[in-house]
Amino acid sequence: MNLKTKFAALLLVLALAPAYVMAQDMEFKGTIVSKEEKSIKVKTKDGEKMLSIGSKTKGVENATDGAKVTIKYTEKDGQLRASEINPR
């Protein structure tokens, strides 16, 4: 590998790193307040949060009113999107 190729590879890694970090799931614990077709409202220690859910959300069956859950989510354009809902 010559120096130009190594430099190009390094630039590519640095350019893609922020997208990788932003795409990772974050997590919080709370209690389901309500569930609608495409969203859930969850009460956390910091207040209530509204998250969108969809066909790719794992564990939607765990989102029943009053259920204590751990939710993995991503944030995009200020919108919280649940990726996984697990009982506690």
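Two strands are said to pair if DSSP finds at least two bridges between them. Helices (H or I, at least four residues) and strands (E, at least two) are DSSP runs, numbered from the N terminus. The model is predicted, with local features requiring pLDDT of at least 70 and side-chain atom pairs counted only at pLDDT 80 or more, whereas totals for chains, interfaces and linings use all residues. Residues are numbered from 1 along each chain as its sequence is written, and side-chain values use heavy atoms, with hydrogens and water left out.

The protein contains one helix and five strands, arranged along the sequence in the pattern α-β-β-β-β-β. Strand 1 (residues 26-35) pairs with strand 2 (residues 39-44) in the antiparallel sense through four bridges. Within this pairing, Ile32 lies opposite Val42 of strand 2. Three residues separate the two strands, which form a hairpin.

Strand 2 is also joined to strand 3 (residues 47-52), again antiparallel, by six bridges. Here Lys41 has Met50 of strand 3 as its bridge partner. Strand 2 and strand 3 likewise form a hairpin, with two residues between them.

With a relative accessibility of 10%, Tyr73 counts as buried; the term means under 20% relative accessible area, while exposed means over 50% and partly exposed lies in between (1.4 Å probe, protein chains only). The C-alpha atom of Tyr73 is 5.2 Å from that of Asp25, although the two residues are 48 positions apart along the chain.

For the protein as a whole, 26% of the 88 residues are buried. Among contacts (heavy atoms within 4.5 Å) with a separation of 6 or more, 49% link residues 24 or more positions apart.

The largest pocket holds about 150 Å³ of space. A pocket is an open set of points on a 1 Å grid over the protein atoms alone, where a 1.4 Å probe fits, with protein on both sides within 12 Å along at least five of seven lines; lining residues have an atom within 4 Å of a point. The lining includes Ser52, Lys56, Thr74 and Arg81. Strand 5 (residues 79-87) contributes the most to this lining, with three residues. By class, the lining comprises two nonpolar, five polar and two charged residues, with Gly counted among the polar residues.

How values were computed. Points joined across faces, edges and corners; volume = space filled by probe spheres on them.
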